[in-house]
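Subject: Structure handover, with notes on pockets, cavities and local geometry

Dear colleague,

I am passing on the structure below, together with notes on what was found in it. Please read the notes with the structure open beside them.

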Amino acid sequence: MARTLSAKLIESHLREGTMTPGEEIALRIDQTLTQDATGTLVMQELEAIGLDRTQANVSVQYVDHNLLQADERNAEDHTFLRSACRRYGIWYSKPGNGVSHPTHMQRFGLPGASMVGSDSHTPAAGSLGMLAIGTGGLDVARAIAGHPVYLRMPEIWGIRLTGELPPWTSAKDVILELLRRHSVSGGVNRIIEYHGEGLAGLSAMDRHVIANMGAELGATTSVFPSDDAVAEFLRAQDRGDDFVPLAADEGAEYDVTDEVELSALEPLIARPSAPDNVVPVREAAGNPVQQVVIGSSANPGLRDFAIAAAMVRGRQTADGVSLDVNPTSRQIFADLTKMGATFDLISAGARIHQSGCMGCIGMGQAPATGHNSLRTFPRNFPGRSGTREDSVWLCSPETAAAAALTGEIIDPRDLADKLGMAYPKLALPERASVDTEMMEAPLPPDEAQREVLVKGPNITALPDFPPLPDRIEAPVLLTMGDDVSTDAISPAGAKALPFRSNVDKLADFTFTIIDPDYPSRARERVDSGGHIVVGGANYGQGSSREHAAITPRHLGLRAVLATSFARIHWQNLVNFGILPLEFAQPDDRERIDAGDVLAMDDLRATLPDSCDLTVRNVTKDETYTVRHRLSVRQVDDVLAGGVIPRLARGG
């Protein structure tokens, strides 16, 4: 039977379960990836479970998110992370070395390997033919300790690419087109596998753009074949021997299919404030722009910076526009400089920032209220930029550079008439400026044993959560609509993220984008039964940060009732002992108001035996049927109060 590439990758790593969509499977993990916004909790979790040394083939810790050091907190976390890497045998990528995803591609990406990362954009490595999945930090910690990673077997969504991208379009327009068609929940519980003759015109880094933003579709991961483009990329990194050809069998059948004719694409842009709010650029043309930011993991390739540099060469950015450039790795910055492109950018008025995520996570570069910011980033959820009332648009480097030059959103194809500009032809180097100096290798086991974790005052112990009670009777503190993101639950940005190692302090930011008073109201209920929140469809979309589960849990959250959940956040809720429940009748969500008291009885007896539970609205004297999708293993986790309490109690 002809098999898809995704099925081959899963089968080669399958430890438990059957490959039937919806069934729980366990996968052996070859590589792990952590970054500093989520990695501090991972290292604390490794300490809590008593790890001696990583059991993965390769584990890497990147410092790429929290690079601004307005006070001592970020620096203390970096010191802690380095000490943990030395203790547990993990590679340490120093601040300024680069964003985790492109840097991992350059140094460690391996066709056919499996990887989990505590970052939702980990699937970017699928551009090299890897099975790369974003998870919560606790799942990564368990993978580092040698345990398999559990997930529901996804459907395989085959997307055939045909034709060739026309001038002034690029890989970003491919993924924006898919978001326009299918929305931010279109890929939930699916692996997206790309195939077809259109792949021939896409480099490995072009594919990275598409695989990276598959996370915005809600996909489990994205997979590309390992072909000539991958071989060329690995040769450029002096890693040609790591190439392995991988592809789907001829005639492989997919569970779901779609097709994108590349030659029919036009420049696209996502309007504020959702990645799927996509329209052709021409429909948004004329909107004034104050800020343009190029970089991030969603457009990290040398080509993405070089095309912008070529467009602004010999020109000046428009009055009133700030053009910000975030090189995504030290290596790419070196190559950009050798090409003369850095000079072109600076001469045009660009500001060059650190190699890191920066504004993508709200760590600097916050835009002015009431002004448009065009970014080559993957997400534009409300407030993620660091500005509460922001107006962030997502687009390609071509569209971004065009706006920087004209001061307004403009279809880059119109630059021929407006500025006499032809589509630039790029001559990229065949060999990369390979630089490994900022990558600290793991210590030998005997030296690692002598290392001590270095904890500053801001690094506190993980909370010890009690088991799930047999009965929950608690008020609903929040009712929310569809597509609530983890940025809304646990905000990013320069104010909150420095406290990511201090759960009690970080909890003060929980849900404040939705309700500034939530933390104080929740704290009042911690010792008297806790509380419940109610959400809509795709609850918890976006970032994999498990802080969005652990801080509300710290504030007494016992259960979330929603229409449906995003995959990673659902698992994070389970990992920390929060009961995720879905309405059997979605309209019942509208019957519950903030302040209503909900009750559930006999939970410890009911959860193991039945997927259906009855929720009684004490305030309104109504009942609703809700369902859980927990496996037997996950029921045990929730009943114990979470994975760590279960392990600590010998479970």
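Throughout this message, helices (H or I, at least four residues) and strands (E, at least two) are DSSP runs, numbered from the N terminus. This is a predicted model, in which local features need pLDDT of at least 70 and side-chain atom pairs count only at pLDDT 80 or more, while totals for chains, interfaces and linings use all residues. Residues are numbered from 1 along each chain as its sequence is written, and side-chain values use heavy atoms, with hydrogens and water left out.

Backbone geometry

The peptide bond from Pro272 to Ser273 is cis, with omega near -5°, and Ser273 belongs to the loop between strand 13 (268-270) and strand 14 (278-280). Most peptide bonds are trans, and most residues other than glycine have a negative phi. Asn189, which is not a glycine, has a positive phi of about 60°; this residue sits in the loop between helix 6 (171-182) and strand 10 (190-195). At 37% relative accessibility Asn189 counts as partly exposed, where buried means under 20% relative accessible area, exposed over 50%, and partly exposed in between (1.4 Å probe, protein chains only). Asp602 also has a positive phi, near 55°, and is found in the loop between strand 25 (597-600) and helix 21 (603-606), where it is partly exposed with a relative accessible area of 46%.

Pockets

The search ran on a 1 Å grid over the protein atoms alone: a cavity is a set of points where a 1.4 Å probe fits but cannot get out, a pocket is an open set with protein on both sides within 12 Å along at least five of seven lines, and lining residues have an atom within 4 Å of a point. Grid points are joined across faces, edges and corners, and a volume is the space filled by probe spheres set on the points.

The largest pocket has a volume of about 1100 Å³, and of the 41 residues that line it, Ser203, Asp206, Glu232, Arg303 and Leu428 are the closest to its centre. At least two lining residues come from each of helix 7 (204-212), helix 8 (228-236), helix 10 (302-312) and helix 11 (330-338), with helix 8 giving the most, namely five. By class, this lining has 22 nonpolar, nine polar and 10 charged residues, where Ala, Val, Leu, Ile, Met, Phe, Trp, Tyr, Cys and Pro count as nonpolar, Asp, Glu, Lys and Arg as charged, and the others, Gly among them, as polar.

The second largest pocket has a volume of about 330 Å³. It is lined by 17 residues, of which Gly383, Gly386, Pro491, Ala492 and Lys495 are the closest to its centre, and its lining divides into seven nonpolar, eight polar and two charged residues.

Cavities

Over the whole structure, the search finds eight cavities of 30 Å³ or more. The largest cavity, with a volume of about 210 Å³, is lined by 20 residues, and Leu151, Arg152, Arg567, Trp570 and Gln571 lie nearest its centre. Strand 8 (149-152), helix 20 (567-575) and helix 22 (632-640) are the elements that give two or more residues to this lining. Trp570 has a further contact, in that Arg629 lies over the face of its ring at 4.5 Å from the ring centre; a charge sits over a ring if NZ of Lys or CZ of Arg is within 6 Å of the ring centre and within 35 degrees of the ring normal.

The second largest cavity has a volume of about 180 Å³, and among its 21 lining residues Ala215, Gly218, Gly542, Ala566 and Ile568 lie nearest its centre.

Aromatic pairs

The structure holds six aromatic pairs. Rings of Phe, Tyr and Trp (its six-membered ring) pair if their centres lie within 6.5 Å, and planes under 30 degrees apart count as stacked, over 60 as edge-to-face and the rest as tilted. One of the pairs is formed by Trp91 and Phe108, edge-to-face at 5.2 Å centre to centre with 65° between the planes. Trp91 is partly exposed, with a relative accessible area of 26%, whereas Phe108 is buried at 12%.

With kind regards
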